[in-house]
Amino acid sequence: MNKTIIASALLLSLGVAGCQHSSSENLAQANIDLKSDTQSSLKAESVEHSWTQTTLNQFAEQLNVTYRMVSNVPQEACAEDQQDQRCFIAEIDFTSAKNISDGNWSIYYSQMRPVQQVLNPEFDIKRVQGDLHQITPTKNFTGFKAGETKTLNFRGELWQLSETDPMPNYYIVVEGLTPVVIESTKVTIDTETGMEQRPYVEAFTDAKRQYRRTEKDQLVWAKAEVLFEANQNVSFSHALAENRIIPTPESISVDSSDKVVDLTKGINVSYNQVNPEAVAAALARLSRLGVESNDTGLVLNLVTNSATNSVTGSVTNSEAGVDGSYQLELTADGITLNAADDAGFSYGIASIAALITPGELSLNALQIKDSPRYDFRGMHVDVARNFHSKQMILDLIDQMAAYKLNKLHLHMADDEGWRLEIEGLPELTDIGSKRCHDLTETTCLIPQLGSGPFADSKVNGYYSKADYIEILQYATARQVEVIPSMDMPGHSRAAIKSMDARYRQFMAAGNELAANEYLLSDAEDKTVYSSVQYYSDNTLNVCMESTFHFVDKVISEIAKLHQQANHPLHRYHIGADETAGAWKQSPQCMAFVASNDKGVSSVDDLGAYFIERLSNSIAAKGIEPAGWSDGMSHTNPSNMPAKSQSNIWDVISHDGYKRAHKQANLGWDAVLSNPEVLYFDFPYEADPKEHGYYWAGRALNSQKIFSFMPDNLPANAEQWQDIEGNDFVADDRVKKDDKGNLISGPLEKGKGFSGIQGQIWSETIRSDDVAEYMMYPRVLMLAEKAWHKAKWEVPYQYKGSVYDANSGFFTAELRNKQQQQWNELANTLGQKELAKLDKADIAYRLPTVGAKVIDGKLHANVAFPGLQIEYRDDNAVWTRYEQPIEVSGAVEVRSVAPDGNRKGRSLSL
C-alpha cells in the first residue's frame with residue numbers, strides 16, 4: 001500500500017499520489033457523483049450503434065493517443081477561485097486515422113489524480129471507482145476526422161511530476177462488443193534497459209511548469225551535469241573493493257598481503273553437527289561464483305559453538321549472544337566457520353561469497369567476527385496492487401539470504417487484488433485475484449492502475465496453496481521468515497467484493513445461512529466516505545460478527561499452510577488501516593454502538609476496537625500481531641498484546657520520529673519503514689523519467705539509504721532535505737499539552753527499534769523486471785543498514801535535542817568518515833556486487849551517468865566506480881568512455897552492466 005491513513009494537512013503538504021482526504025462536503029458530493037457516474041456509464045453503453053467488432057478493433061489499433069502534462073503552476077492551472085490550492089492542467093490528444101461520427105462509445109482509463117473540470121465541451125470524464133475513469137462524447141461532439149487531432153484538456157487535483165504518472169491501457173467500449181485496448185496506450189519495453197516505456201506520454205521539458213512542485217520547490221533536476229558534480233565524491237580504486245563485504249561485518253582483520261586462500265579447486269565441506277540442508281542454498285551461491293563443493297577442494301570446517309541464552313532460551317553464539325552471529329577464518333590451509341545456529345553458518349558462507357570478485361577465486365588470509373545490528377532485517381513486497389510471480393519472490397528470498405536479510409513481509413491482499421488461495425473461500429481468487437471490464441463485479445474486480453479490460457493480464461494472478469508452501473519452504477532453507485499480510489479493515493475492497501459475490505451466489509441458491517457466513521459489508525450502510533485512493537466501498541464492516549469470522553478463517557487457513565510447510569506462523573500483519581468516515585451510517589454499527597459489551601461507546605472508536613480485538617485474537621493463537629503505525633496509534637496500548645509489532649511509516653521530515661519514539665517507548669517491536677528512505681517504489685533520482693511514486697521523496701538512491709541513521713531519526717535533519725529540497729528542523733524535546741499530558745518526546749533509555757524494513761508498493765510496478773529494477777541495488781544498502789551500525793552515526797541524545805542543518809551534532813569528522821565508507825561501498829558495488837546480480841539474472845537498475853563537456857571534451861563519471869561508461873555524439877555508435885575525450889554536437893552517456901548485456905538509461909547533455 002502507498003500508506004494511506006494520514007492527517008489531511010500532511011497529505012496536502014506531501015502531495016500523496018491519490019492519497020489525500022477531502023472535506024466532508026466534497027466527499028459527499030464525490031460519492032453522489034460516483035453513484036450517478038456508474039449509472040450513466042451503464043446507460044451510455046446501452047445506446048444503439050453502428051460499430052462492428054472489426055471496425056472497433058481497427059479504430060483502437062489506429063487511434064493515436066498522446067498524454068501531455070501542461071502545467072502545475074496554480075496561476076496557470078487553477079480556476080480563479082482556486083488560487084490558494086494546488087492544481088494541474090493536462091491534455092489528451094486523440095488522432096484518428098478514419099472519420100468516426102458515432103458518439104455511442106466510452107473510453108476507460110486510469111487517472112491517478114481526480115479530474116476537477118473538463119475544459120473541452122466535446123468530452124466528459126466521469127469517475128467510476130478508485131482511479132477508473134470513463135471518457136464519453138457529449139452532445140457537442142462533432143466526431144473524429146481522419147488525420148485531425150482532438151484535444152481533451154482538463155484540470156486535476158494537486159500535481160503530476162512524473163512521466164510514469166499516466167497509466168497505460170486505455171480501452172474503448174461499445175455495448176455488445178468486446179472491449180479493445182487502444183494500441184497506442186500500451187507500454188513497450190526498451191530493448192537495452194529492459195524497462196517499460198510509455199510512448200503515449202509526451203516528454204517533460206519545462207522544469208518550472210512540469211517538474212516544480214510548488215513555488216518553494218528547490219529540488220534540482222538530476223541531469224547529467226548535476227550527477228557529474230554529485231559523483232565527484234567517489235573515485236575508482238581496486239583496493240577499496242578488496243576484502244570488502246556488503247553488509248559490513250563487525251570486524252575484519254586481513255592477515256596476508258598476498259592472496260593465499262585458493263578457491264579455484266572448490267571447497268570440501270566438513271559439516272560436523274551442521275545439517276547440510278541448512279547451508280545448501282549458501283553453498284549454491286558459492287557454486288554460482290565458480291566455487292564448487294567437492295572432495296579435493298580447500299577444507300571448510302563448520303564448527304558449532306553454542307550456549308543457551310538465559311533470556312530467550314535459544315541457542316546462540318556463545319561470544320556474541322545474538323542469533324546469526326559467526327566467526328570466519330580464512331587461511332591457506334583451510335577455512336573455519338564458527339556459529340551457533342543455521343543462520344550463522346549460512347551468513348558465514350555468504351561472507352565468503354561476498355569476498356569474491358567474479359572471475360577471481362583467490363582471497364587474502366583474514367579473520368571476521370560478525371553479528372547483526374538488528375534482529376528484524378526485512379523486505380516488504382506488495383503483490384496485491386499488481387501481481388508478481390512466484391519466481392520473482394523466490395529470487396528475492398535468495399538475494400535476501402545472500403545479504404543477511406531475514407524477514408519477508410508479503411503483502412497479498414489490498415483493494416486491487418487478493419493473491420492467495422484460501423481453502424473454503426474460492427471466491428477470493430476466482431473474483432478477487434483479477435481485474436477486467438465487468439462493472440457489476442460478478443466475475444472480477446473492475447480495472448484499476450491501468451490493468452486493462454482483460455482478466456488474462458499479467459498484473460492479475462494469485463499463489464495457489466502449493467505455490468505458497470513452496471515459497472515458505474524456500475524461505476526456511478534460507479533462514480528467512482515469511483510474514484503474511486492481508487490488509488484490513490481498510491484497503492479490503494478485493495475481499496469485500498469477493499464476499500459480496502459469494503453472498504449473491506448462495507442467496508440465489510436459497511442458502512441464506514451460508515450467504516451471510518463471511519459477509520463483510522452492510523447492504524443498508526448509507527455512509528458516504530472516500531478512501532485516499534478514492535474508493536467508497538473498501539472498508540470491512542467491523543460491527544458484523546461475520547467479518548471476524550472471515551478474518552479468523554483466513555488466518556487459520558494461512559496458519560495451516562505454514563504448518564504444512566514446517567514454517568511456523570510467528571507474525572501476521574493485519575495492516576491496521578482504517579478509512580476515516582466509514583461505518584457512521586451503518587445500521588449494524590449504530591446498533592452495535594448502542595448496545596455492546598466491548599466498551600465501544602462511539603462510532604469513532606470502531607477502528608481501534610477492530611485492531612485491538614483482532615490483535616488479541618491473533619496473540620491467543622501464539623502469533624504476534626503487526627500493523628502500520630498510523631492504525632496502531634489509534635489503539636489503547638493497555639488493550640493490546642504486550643508483544644506487538646508496529647511498522648513506522650511516518651515521514652521523518654514531517655515529525656515522523658515522534659510517533660516512532662512513542663511506539664518504541666511502549667515496548668512494542670517498532671520496525672522502521674520510513675518512506676523517504678525505505679520506500680523502494682520511489683524514484684532513484686530527481687528526474688521525471690524515473691519510475692515510481694514520489695509523495696514523500698523524489699530522489700532515493702543507494703547513497704541516501706546508506707546515509708540513514710536509524711537509531712537517531714531526528715539527527716537525519718542535519719544531512720537531508722524534505723521532498724522539495726529544503727532544510728527542515730527536527731525538535732525531539734519533550735512536548736506536553738495544556739494539561740501536562742505528554743504529546744511527544746525522546747526515546748527512553750533502554751528502548752529502541754527492533755529493526756528496519758524496505759518497502760516496495762506496486763501501484764506503478766507492473767512487471768517482475770520493473771519490480772527488480774526498483775528493488776536492486778537498494779536492497780543491498782538496506783542490508784547494510786540493518787546489519788551494521790556505522791561508527792559515523794550520530795549518537796542519540798536521550799535528553800532530547802533540536803536538529804537542523806546547522807545544529808552540529810553531525811560533525812565534519814563524522815561526515816568525512818561517512819564519505820570514506822561510502823566510497824568503499826560504491827566501489828564494491830561497481831566492481832563486485834552488480835556482477836553477482838548479473839549472474840543471478842536480477843534486473844537491477846544501472847545508475848544514470850554524470851557527464852559534462854569542458855573545453856570541448858566529455859568528462860564522465862558514475863555513482864559506482866568500476867562500471868563501464870559509454871558515450872556517443874552526433875548520433876554515432878556507442879563507444880566505451882575511458883578518459884576525457886573531444887566530442888561534438890549532441891552527446892549521450894549511459895552505463896553498462898558488468899556482463900555487457902544490459903544498459904542504463906541514457907542521458908543527453
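A cavity here is a set of points, on a 1 Å grid over the protein atoms alone, where a 1.4 Å probe fits but cannot get out. Grid points are joined across faces, edges and corners, and a volume is the space filled by probe spheres set on the points. This is a predicted model, where local features need pLDDT of at least 70 and side-chain atom pairs count only at pLDDT 80 or more, while totals for chains, interfaces and linings use all residues. Residues are numbered from 1 along each chain as its sequence is written, and side-chain values use heavy atoms, with hydrogens and water left out.

**First stop: the largest cavity.** Its volume is about 170 Å³. Select Arg-285, Ala-353, Ala-402, Tyr-403 and Lys-836: of the 13 lining residues (those with an atom within 4 Å of a point), these are the closest to the centre. Now colour helices H8 (276-288), H9 (342-355), H10 (390-402) and H24 (812-839), which each give two or more residues to the lining. Helices (H or I, at least four residues) and strands (E, at least two) are DSSP runs, numbered from the N terminus.

**Next: the sheet.** Five strands form an open sheet in the order E5-E6-E3-E8-E9, with antiparallel pairing (two strands pair if DSSP finds at least two bridges between them). Pick out E5 (123-129) and E9 (180-181), the edge strands, each pairing on one side only. Then zoom in on E8 (171-173), joined to E9 by two bridges. Ile-172 is the residue facing Val-180 in E9.

Conventions: 1 Å grid on protein atoms, 1.4 Å probe; cavity = no way out; pocket = protein on both sides within 12 Å on 5 of 7 lines; lining within 4 Å.
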